[in-house]
Amino acid sequence: MLSLIQNEWMKWWTMKKSKIVLALYVVIVVGLVIIAKMNDFDMTRSDYYTLVSTILFGLLGIITIVFTAETVGNEVRYDTMKHLLMSPYSRMMIYFSKLLFSILVMLGQFIFIAVITYAASFAFSEAGDSIQWRDTVLSLVSPVFTIFMTLFFSLVFRSVGMIIGFTVLAQFFTSIVGNVLLAFKPEIAKWIVLMHLDWSMYFKGALTYGTAEPMGTTLTFSVIFVLAHILVLFGGSILIFQKKSYL
Amino acid sequence: MLKIEHVSKRLGKEQILKDVSFEVAPGEVFGFLGPNGAGKTTTIRIITGLMEQDEGTVTVNGFDVVHERSKALTQIGAIVENPAFYTYMTGKQNLVHAKNLIPGLTQVDYEALAKLVGLEGKLSKKVGEYSLGMKQRLGIARALLHNPRVLILDEPTNGLDPAGIAELREYLRAMAREQDIAILISSHMLGEMEQISDRYAIIDQGVIKSVESVRNETGAKIMIRVPENNVRDVIEALRIANYPAERLNDHIIITAPESETPAIARLIVPIADLHELIVKRMTLEEQFLQVTKKEGDSHAFAHTK
């Protein structure tokens, strides 16, 4: 398994875009410090951290879709899937290595973003609330769910463009529909899984605190609902990958 | 040793393979011939675990490809269809990737491997910059990476120049002989296969039509010339001895295994003076046509002699 993950790492790190993305995070973090300082924004460390981490975690969501789509899509693009399937490793093991690697890459970027944003926040005063690490950790739920969803679509479609496009559009439209329903029919909105990916909405002090109120859901409901969807996506992916012919 | 026994495969309503059986022994180069759509690639996909057969078994050194998949596939090196690579990675990175796909394989001498396939000093280049021939060589290097006991090569000479083909031919023959590797080569280049293979199988419409030795002689043409007044007696004697013979101008043409030549000579000499005896071996292409009796399909093959 470790050697399969090493392979995934080699394929990812050799691509220029992996380094470009890391540089992009740094540019945004430093750029926002410069903008804030040049315009004398009245910001505390906590304000800066919350603002920048929200922006970057949003960006991470999109980048996670791209990287996850490519872990399977690129094998089809380069016709290399057959080499993986001809190897002594089982299809299950190959799928697991791709899933685990996608989570690890997302986690690596997540920590990278949190660390550089935290470091840059020292440019601002300590006054105000302290940084909410709980909300930072809870921000992981959405990209983890995104990985399972993208991997599922990457086994349904063959082209990387289709996988990315379909996943982004599915997220985008479901979010819009969910938010519209939240306003007018919250009892229906609660059955849309994307409305349950931000668990900080159940904690006082969080930016999204109270969002779940109209839906009448609890943290336990959201956790179970998201996990159930992950399980379905995971099971569906395994079933498709076991049967799918890449010839 | 590679053993395919009574393998059948149906895709949808179409029967792709019907009761396919053959063996490739250690040290043997085995040609796998057939027109496009005959079932060559499907057979190779089944051998390499990319597809599962409906009936029959495939074993590699005694390990069943379906039930002992990991053990069986560890012993196979293969190029299936075209050699595919991550073009944005270097040749060496692609080989490292292949090494990581073999459990337990730790040490690989990449430079020696590169030298073996004529890619010395080229492994640090990105595969996207390789020519088709270089990719083919890299594909062979990848297939040989873990010293497999069975090597499967699907059209391995595609993209190679004549010198490269000759070099590869010598290399594969030497490797089969010296390292006792069973090599299965699928190709439609009959002339080329004639020079490289020890034995061959012809598959057509999913059925193995013939498994022969390349130097075998099911179809050698033996031409003799005897005095005119003895022709009828000689043909009659050959017919009685079960050697099909016909007259062509002043010669008698006998279709028989080459190994039968001395026996035929002994049969004729008591009847007539033997003025001339010529053994004309059939080319693989001629043998193929004889086996399949499909002259109209000969366009599917290219004879490269």
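In helix 5 of chain B (residues 132–144), the buried residues are Met134(B), Lys135(B), Gln136(B), Arg137(B), Leu138(B), Gly139(B), Ile140(B), Ala141(B), Arg142(B) and Ala143(B). A residue is termed buried if 20 or more other C-beta atoms lie within 10 Å of its own, exposed if 12 or fewer, and partly exposed in between, with C-beta atoms placed from the backbone. The model is predicted; local features need pLDDT of at least 70 and side-chain atom pairs count only at pLDDT 80 or more, whereas totals for chains, interfaces and linings use all residues. Residues are numbered from 1 along each chain as its sequence is written, with chains lettered from A and ligands numbered from 1 in the order in which they are written.

Helix 5 of chain B is thus mostly covered, with 10 of its 13 residues buried. The cover includes strand 6 (76–79), helix 3 (91–100), helix 4 (110–116) and strand 7 (150–154) of chain B. Helices (H or I, at least four residues) and strands (E, at least two) are DSSP runs numbered from the N terminus.

The largest nonpolar core contains 114 residues, of which Ile152(B), Ile183(B) and Leu184(B) touch the most other members. Helix 3 (residues 45–77) of chain A gives the most to this core, with 11 residues. A nonpolar core is a set of buried Ala, Val, Leu, Ile, Met, Phe, Trp, Tyr and Cys residues joined through C-beta atoms within 7 Å. Not counting residues up to four places away in sequence, Leu184(B) touches Leu2(B), Val24(B), Phe30(B), Phe32(B) and Ile152(B). A second, separate core of 12 residues includes Ala220(B), Ile222(B), Ile224(B) and Val226(B).

Between the chains, 20 residues of chain A are in contact with 23 residues of chain B, contact requiring C-beta atoms, placed from the backbone, within 7 Å. On the side of chain A that touches chain B, helix 1 (2–14) and helix 4 (81–86) of chain A each give two or more residues, and helix 1 of chain A gives the most, with 7 residues.

The mean pLDDT (the predictor's confidence in each residue, from 0 to 100) of chain A is 88, and 96% of its residues reach 70 or more.

Conventions: The expected span of a helix is 1.5 Å times one less than its number of residues. Two residues are in contact if their C-beta atoms, placed from the backbone, lie within 7 Å.
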